[in-house]
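Subject: A structure for you to look at

Hi there,

Here is the structure I promised to hand over. Please open it first, and then read my notes alongside it.

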Amino acid sequence: MTIELTKQEIKVLKKLREEIRGRGPLTTLQDLFVRSEEFGPDRIAVVEKIKKQDACYTVKEFHDKVRQVGTALYELGLGGKHISIVSENSYNWIVTFFAIVCGGGVAVPIDKELPDKDISMLITKGDAEAVFVSRTYIDTAKLHLTNDDRCQKVFLMSGKCEDDKFMTIDALAEIGREELKKGNKDFIDAVVEKEDLAAILFTSGTTGTNKGVMLSHYNFASNVEGVIDFLRPELSTMSILPMNHAYELSCSVMTAIYMNGIIYINDSLKNILPNINEFKPNAMAV
């Protein structure tokens, strides 16, 4: 699904971007999140493939779900905590990351290609008190629960699971939706400073043990600021590299969100060329 903008839409989008950038340098991911909402709620933000069908999510749907999940995390006592992510690239991966960091928490994304025991070790090393996983990593999460008593909850990013220790992200979002209706503003009012820790990303471990790199909100924000001058107004990008990589996360995902571009998520390495032909992105970080 290629989404083309008209010349008038590009003109309006360019003007809006100039207005938002005129407010001064970006300093936190919370600020990035809030600013990105002002471009137009009905524009497409993310496109991913689910069972070979394109699933599209608007700017409003993205922001609503982030606030719902973030609010639910506070309601469950996990606001501001270290929370891990183990999953393939997906729309819910992006939602989860922003729901964690915009509420003052610390995201701990893990390389999904590692053996289960190493994934569990790094979740522990990142001080994570909860973990989001895709269906592929249910058994990995179950192993981790036996290894680390600090892990209070496992959230499933897609599908269902009968284990009572697991909660789906959609069930989590429903809790947040109800809390927001009641006036719960714990997530929305969370205070985030530029030097606050946003994420711990682990090195690949090719020359030794995996090392946790502590990245602040400003580390990410300054990366985004450094990229945006090179982008076209009608930005669309295809996410190929794993989102637990700082390069993909900041230069592709975050930059597209800030500039209200479209993120097309590549579903498989074997489908790169067909997806490029279908989506026709005008930027990729590779």
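First, some ground rules. This is a predicted model, in which local features need pLDDT of at least 70 and side-chain atom pairs count only at pLDDT 80 or more, while totals for chains, interfaces and linings use all residues. Residues are numbered from 1 along each chain as its sequence is written, and side-chain values use heavy atoms, with hydrogens and water left out. Helices (H or I, at least four residues) and strands (E, at least two) are DSSP runs, numbered from the N terminus.

**The largest pocket**

Rolling a probe the size of a water molecule over the atoms shows where empty space is left. The search ran on a 1 Å grid over the protein atoms alone: a pocket is an open set of points with protein on both sides within 12 Å along at least five of seven lines, a cavity is a set where a 1.4 Å probe fits but cannot get out, and lining residues have an atom within 4 Å of a point. Points are joined across faces, edges and corners, and a volume is the space filled by probe spheres set on them.

The largest pocket holds about 880 Å³. Its lining counts 35 residues, and those nearest the centre are Glu-48, Glu-88, Asn-89, Ser-90 and Asp-267. At least two lining residues come from each of strand 1, helix 4 and helix 7 (169-181), with strand 1 giving the largest share, three residues. By class, the lining has eleven nonpolar, twelve polar and twelve charged residues. (Ala, Val, Leu, Ile, Met, Phe, Trp, Tyr, Cys and Pro count as nonpolar, Asp, Glu, Lys and Arg as charged, and the others, Gly among them, as polar.)

**Two cavities**

There are two cavities of 30 Å³ or more in the structure. About 50 Å³ lies in the largest cavity, and its lining is made by Ser-36, Ala-45, Val-59, Phe-62, His-63, Ala-256, Ile-257, Asn-260 and Gly-261. Helix 3 (59-75) and helix 9 (246-258) are the elements that give two or more residues to this lining. Helix 3 has the largest share, three residues. The lining of the largest cavity divides into five nonpolar, four polar and no charged residues.

The second largest cavity has about 40 Å³ of space. It is lined by 13 residues, with Leu-73, Leu-78, Gly-80, Ala-99 and Ile-100 closest to its centre. Here the elements giving two or more residues are helix 3 and helix 4 (91-101), and the largest share, three residues, again belongs to helix 3. Seven nonpolar, five polar and one charged residues make up the lining of the second largest cavity.

**Phe-33**

Do have a look at Phe-33, which sits in helix 2 (residues 29-36). Phe-33 counts as buried because its relative accessible area is 3%; buried means under 20%, exposed over 50%, and partly exposed in between (1.4 Å probe, protein chains only). Leaving aside neighbours within four places in sequence, Phe-33 is in contact (heavy atoms within 4.5 Å) with Phe-62, His-63, Val-66, Arg-67, Phe-98 and Cys-102. His-63 is 30 residues away along the chain, yet the two C-alpha atoms are separated by 7.9 Å.

**Helix 4 and its strands**

Helix 4 is mostly covered, with eleven of its eleven residues buried; among them are Trp-93, Phe-97 and Phe-98. Together with strand 3 and strand 4 it makes a right-handed β-α-β unit, where right-handed means that, with the strands pointing away from the viewer, the path from the first strand over the helix to the second runs clockwise. Strand 3 (residues 82-86) and strand 4 run parallel, joined by four bridges; two strands pair if DSSP finds at least two bridges between them. Ile-83 stands opposite Ala-107 in strand 4.

In a regular strand the side chains alternate between the two faces of the sheet. In strand 4 (residues 106-109), Val-106 and Val-108 point one way and Ala-107 and Pro-109 the other, and all are buried.

**Two loop residues**

Lys-51 is not a glycine, yet has a positive phi of about 55°. Lys-51 lies in the loop between strand 1 (44-50) and strand 2 (53-58) and is exposed, at 79% relative accessible area. Asp-127, also not a glycine, has a positive phi of about 60°. Asp-127 lies in the loop between helix 5 (116-125) and strand 5 (130-133), and counts as partly exposed at 38% relative accessibility.

Happy exploring!
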